[in-house]
Structure formats: structure tokens, C-alpha cells
Amino acid sequence: MISTAAAAAHPNIAFIKYWGNQDDALRIPANGSISMNLDGLETRTTVQFDTSLEGDRLILNGEPVQGDALARVSATLDRIRQLADLQTSALVRSENSFPTGTGIASSASAFAALTLAGATALDLCLSERELSQLARTGSGSASRSIPGGFVEWQAGTDHESSFATSIAGPEHWDLVDYIVLVSGQHKVVGSTQGHQLAGTSPLQAARVADADRRLELCRKALLERDFPVLAEIVEQDSNLMHSVMMTSRPPLYYWEPGTMEIINAVREWREHGLQVCFTIDAGPNVHVLCPGSDAEAVKRRLTSLANIKSILKCTPGGPAWLLEPEISGV
Ligand code: PMV
């Protein structure tokens with residue numbers, strides 16, 4: 001028996017960040033978060049359940065992968081198999097449209113695409129909410145790559161109550177995210193490990209206690225397309241997360257000298273009237289956000305900076321979607 005489906009999803013950039021869990025195994029987050037899906041980047045995944053396979057197999061960007069990455073994929077497939085009451089192994093082929101090793105996190109788009117393809121291959125008619133819950137267990141931020149556009153993940157308290165929904169479609173606001181790849185990158189601590197360290201920082205409790213205020217400000221600024229308010233809260237939220245990272249035990253320092261250079265430049269440009277702000281995930285790259293009207297001016301200034309490797313342009317993206325599957329021999 002062979003049953004196959006293929007799906008794609010965009011990664012997302014968090015405006016209000018997820019960092020730390022109430023429950024590490026289920027990835028129930030310590031606080032809610034808000035993000036924008038990134039059109040211009042995508043993961044495409046085919047899941048082929050096949051009774052002739054003796055175990056799950058993963059092919060990532062054309063290369064067979066084993067170890068932790070395969071175990072994590074198998075854990076998500078196990079949840080899907082459990083819902084279908086089936087034990088058949090699967091061949092998973094996944095490709096990222098963006099270069100690997102650049103520090104652009106792909107786990108959000110990867111687990112969103114895997115969840116949608118896997119559930120579809122087994123004919124499970126899952127709602128967006130159920131898909132978001134399932135994707136969350138593979139990678140927390142993947143819950144936000146299932147719905148489209150601007151998305152809020154409500155923290156909840158258990159598997160049922162923790163999922164993401166769209167708060168506005170991609171057409172709501174023509175924001176641009178320039179992902180600025182900073183040079184001199186070395187291998188960083190992955191987010192799964194990072195979340196587990198969050199609670200060791202004395203600042204995490206204060207960050208979480210203030211999260212509802214930030215979520216409300218961000219949600220309102222997004223709905224009203226109020227860039228000045230969005231800029232202040234997005235930068236403060238990113239700085240709060242990095243303060244927790246830098247004060248955890250052991251500390252996590254994700255920034256490189258080039259990161260700080262871009263932060264300073266962005267703040268100076270904003271003081272001089274440009275609508276622009278920054279946010280940074282678990283790596284040294286800087287996401288530089290601006291409304292479409294300011295995008296050309298921001299791009300010109302970014303390209304004049306030293307210490308940057310390259311710049312990728314993203315705009316608001318839609319939800320995870322199904323593709324025509326290509327069946328391959330195992
Ligand atoms: O989904 P994870 O475990 O890769 O965590 C994502 C963490 C951040 O990217 C740093 C923040 C976020 O909300 O996306």
C-alpha cells in the first residue's frame with residue numbers, strides 16, 4: 001500500500017516572540033506570540049506512506065538524513081499515524097527554497113508542511129486548528145505557519161487549547177521583511193535546547209508577565225497598520241527575548257558584531273524619519289521590517305552597510321498549502 005501527499009509552507013517571523021515552554025514535550029509555550037508568514041521562502045515536502053518500508057526515511061534537500069532530525073520527523077508522523085490508527089512507515093522528501101546554513105530557521109515551515117502532507121496522505125480531514133496543534137508538537141513556531149498572513153498563537157494550557165489563528169490575511173498590510181544575513185556566523189544553540197534554558201534566567205518571569213501587554217499593542221498596531229507603534233513593541237520584544245537568552249545559564253549570545261551594526265543603523269534611520277525597525281531570532285541575522293512605501297529606501301541603505309553577506313526580501317505569505325505529489329520508488 002502506498003499513499004502520498006505533498007504540501008508546502010512558509011516560515012514566519014515573530015513580532016512577539018515565543019521563548020520558553022510551560023510543557024517542553026508538548027511545546028505549550030510560556031507566552032502567546034504573533035508573527036507574519038514569509039512569502040518568498042518556502043519548504044516543500046512529500047510524505048509517502050509505504051508498507052514496504054521498514055522504518056521512516058528522511059531526505060532533506062536531496063541528502064538522506066538520520067539521527068535527531070529523523071527522530072523528530074518520526075515523532076510527528078507517529079502522532080499522525082496514531083490519529084489514523086496505522087503503523088506504516090513513510091519516506092519524507094523535503095526541500096527548502098532558501099539556502100541552508102544561512103541561519104534562517106526552517107523548522108516552522110518544515111513541520112507545517114510535514115503535518116499537512118502527512119495528514120492528507122492518510123486522508124485525515126483535520127481542521128486548521130487541529131493541524132496547527134499537531135505542527136506545534138514538532139516545532140512550536142510551526143503552529144504559526146499553518147494559518148495565513150498575520151498570525152497569533154494563543155499559548156493555552158494544554159494540547160487542545162494551544163494553537164494559532166490568522167488575525168489578518170496577507171493582503172492586509174504590505175509589510176516587507178528584509179532578512180539581512182550577517183557574516184562570521186558559527187554554529188548556534190538550537191531553539192529546542194534554548195527554550196529549555198529560558199527558565200534559568202531571572203528575567204524570564206518578568207518577560208512572560210508582561211507578554212499580554214505586548215501582544216495587545218502588537219495586535220492593535222497590526223490591525224490599524226500603525227507602523228510607529230509596531231516598531232517600538234517589536235524591537236522591545238526582541239530585546240526582551242535576547243536579554244533572557246543572554247542571562248540564562250549557560251548564557252546564549254546569538255548576536256555578532258554585524259548584528260549590532262544593523263541595529264544601530266536601523267534606529268538611526270528611524271530617528272531620521274524612515275519607517276523601519278528590526279527583530280532578531282535565535283541567530284545573528286537581522287530581520288529589517290518596513291512598510292512597502294519605504295522598502296526601496298531601506299534596501300538602498302542596507303546594501304551600503306559593511307559586514308553583511310546578502311539580503312533576502314519577503315512579503316506577507318499565505319497559509320500552508322497542498323501540492324501535486326510526485327510518487328517516487330523507494
Ligand atoms: O519553533 P522553535 O522551537 O524553532 O522556536 C522559535 C523561537 C524563535 O524563532 C526565536 C522565536 C519565535 O517566536 O519564532
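Q: Which residues have the most contacts inside the largest nonpolar core?
A: Val47, Phe49, Leu77, Val92 and Leu114 do, in a core of 29 residues. A nonpolar core here is a set of buried Ala, Val, Leu, Ile, Met, Phe, Trp, Tyr and Cys residues joined through side-chain atoms within 4.5 Å. Please keep in mind that this is a predicted model, where local features need pLDDT of at least 70 and side-chain atom pairs count only at pLDDT 80 or more, while totals for chains, interfaces and linings use all residues. Residues are numbered from 1 along each chain as its sequence is written, and side-chain values use heavy atoms, without hydrogens and water.

Q: What is leucine 114 in contact with, leaving aside its neighbours within four places in sequence?
A: Its partners are Thr45, Val47, Val73, Thr76, Leu77, Ile80 and Val92. Contact means heavy atoms within 4.5 Å.

Q: Which residues does the second, separate core include?
A: Ile16, Ile34, Ala231 and Ile233 are among its 27 residues.

Q: Why is serine 74 called buried?
A: Its relative accessible area is 16%, and buried means under 20% (exposed is over 50%, partly exposed in between; 1.4 Å probe, protein chains only). Serine 74 therefore counts as buried. This residue sits in helix α1 and, apart from neighbours within four places in sequence, is in contact with Asp56 and Arg81.

Q: Why does glutamine 66 count as exposed?
A: Its relative accessibility is 68%, and the cut-off for exposed is over 50%, so glutamine 66 counts as exposed. You will find glutamine 66 in the loop between β8 (63–65) and α1 (68–84).

Q: How do you know that the radius of gyration agrees with a compact globule?
A: For 330 residues, a compact globule would have a value near 20 Å, and the chain has 19 Å, so the two agree. The radius is taken over C-alpha atoms, and the globule rule is 2.2 Å times the number of residues to the power 0.38.

Q: How many helices and strands does the chain have?
A: There are 9 helices and 16 strands. Buried residues make up 54% of the 330 residues.

Definitions and conventions: Helices (H or I, at least four residues) and strands (E, at least two) are DSSP runs, numbered from the N terminus.
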